[in-house]
Amino acid sequence: MSDLIPGLGAGTEMVILFFVLMACRVPVAFSLGLSAIYAMWQIGFGLDLAGDLIAASVTRFSLLAIPFFILAGTLMGTLGIAERMIRFFRVLVGAMPGGMGVVGTVVCLFWGAVSGSGPASVAAIGPMIVKGMEEDGYARAYAAGLVCTGAALSIVIPPSIGLVIYGVIAETSISQLFIAAILPGLFMGLTMLATLPFARRGGPATGSPALEALNPAPHAGLPYGRRLWRAFREAFWGLVTPLVILGGIYSGIFTPTEAALVATVYALGVGAFAYRTLTLRGLYEALADAAASSAVVMLVVAYAGLFGWVVTVEDLVGTYSEALLGLGGDDWVILLVIMLVLLVAGMFMDAITVMFISLPIFLPVMREMGWDPVWFGVVVMVNLAIGLFTPPVGINLYVAANVTRLSIERVARGAAPFLLASLLGLGVIAALPALSLALVEVLR
């Protein structure tokens, strides 16, 4: 059989073809599948093997966490839990100047961690946050930038679908990854809060429709303590969600995969008995949305199995990792190259696709350099999160532009302070592995 590009192996041709298909706007999953099938044909393997490889890719037990975490996040949005959380945090910060910026940051990080998807979080809670911040004196583009950043960085905070995927690929404890990501995730949130005093424009608005919507009439006119208690009581079942999920995992009651099912049942229970917002129509819509989102993710996982098989057969792992190690003996040089590749790749592709393509190459390098796989997983996730809102093609920027009816350029300018702060935060996390591993050592 003749090569597509003379002198290159089928594996390298597959990688090139993948990026060509992506440039032609072929969906990621089909770009993976078509390029992998081409390489299998070039190698001479029968395509009947493809079915077995696809089945093997999607039948791993730990992957069940993906559709159930997505369903849990969808249900919690449908059942009004996000709205109640926003109300509580709005009352909590009270009349503090720029308080909606703090509210937006906290809710974006919290909600994205539950939903597991940065773009989905932007679409779900972005309009409420942007409207409230704008009425509180923030520029609309800056508010959109905050939502982009908070929703992206939320994939670092557990429970995170990205960490589940990393754990599966790297054969690393998902529980330890969840524990390790807590402090870095909170640290990245603090870097966001640190930018708020420098980019705010105008004075706080009073009596605005947005703030009234976040401080509903039943709370108006009450002393602060009573307003806070009422708001907390309404939001309580949503606020304890991370404690239920993460507490169960860390105490050994259930595994991270089982935690996804617990989160789904918990959301249904809250909607049916605590808030009484669960309806058949709402349940159907949540199931339909979760099924569509899960199908997209699992399709990528399935075709990534084909892609990974070719990578193994053609020994691309050995070839590319040796080239990477050949850059020099300095750990920092190699780590910076890996981080740059992940950052650029995260701009064009979703985190799951990037991990399936890049980790088979980077993990042998990680082992050769003696890096801790748990710390490395956190660094990978922070890199990929930043890629989601890095111009010119960060996917969160496009979603936020659609939600706010602003141009990509204006949203990107609004996100620029957060991008700079996040890159500095990434540098700290990479330079201080103890930030990621301290809790792991304590709870091990």
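Partly exposed, as used here, describes a residue whose relative accessible area lies between the buried range, under 20%, and the exposed range, over 50%. Glu-134 has a relative accessibility of 34%, so Glu-134 counts as partly exposed. Please keep in mind that this is a predicted model.

**Salt bridges**

Welcome to the charged pairs: the structure holds two salt bridges. In one of them, Glu-134 joins its side chain to that of Arg-140. Arg-140 is partly exposed too, with a relative accessible area of 27%. The other salt bridge links the side chains of Arg-281 and Glu-285. These two residues both belong to helix 15, where they sit four residues apart, about one turn of the helix. Arg-281 is exposed because its relative accessibility, 64%, is over 50%. Glu-285, at 35%, is partly exposed.

| Salt bridge | N to O distance |
|---|---|
| Arg-140 and Glu-134 | 2.6 Å |
| Arg-281 and Glu-285 | 3.4 Å |

**Helix 4 and helix 15**

Helix 15 also takes part in a helix crossing. Its axis and that of helix 4 come within 9 Å and cross at roughly 145°. Helix 4 covers residues 65-78, and helix 15 covers residues 280-313. The crossing is right-handed. Which residues in helix 4 meet helix 15? They are Ile-66, Pro-67, Ile-70, Leu-71, Thr-74, Leu-75 and Thr-78. On the helix 15 side, the residues they meet include Gly-282, Leu-283, Ala-286, Asp-289, Ser-293 and Met-298. By class, this contact has 11 nonpolar, five polar and one charged residues.

Key. Residues are numbered from 1 along each chain as its sequence is written. This is a predicted model: local features need pLDDT of at least 70, side-chain atom pairs count only at pLDDT 80 or more; totals for chains, interfaces and linings use all residues. Side-chain values use heavy atoms; hydrogens and water are left out. Axes are lines fitted to C-alpha atoms, for helices over the stretch in contact, and angles run from 0 to 180 degrees between N-to-C directions. A crossing is left-handed if the near helix is turned anticlockwise from the far one by less than a right angle, and right-handed if clockwise. Contact means heavy atoms within 4.5 Å. Ala, Val, Leu, Ile, Met, Phe, Trp, Tyr, Cys and Pro count as nonpolar, Asp, Glu, Lys and Arg as charged, and the others, Gly among them, as polar. A salt bridge is a side-chain nitrogen of Lys or Arg within 4 Å of a carboxyl oxygen of Asp or Glu. Buried means under 20% relative accessible area, exposed over 50%, partly exposed in between (1.4 Å probe, protein chains only).
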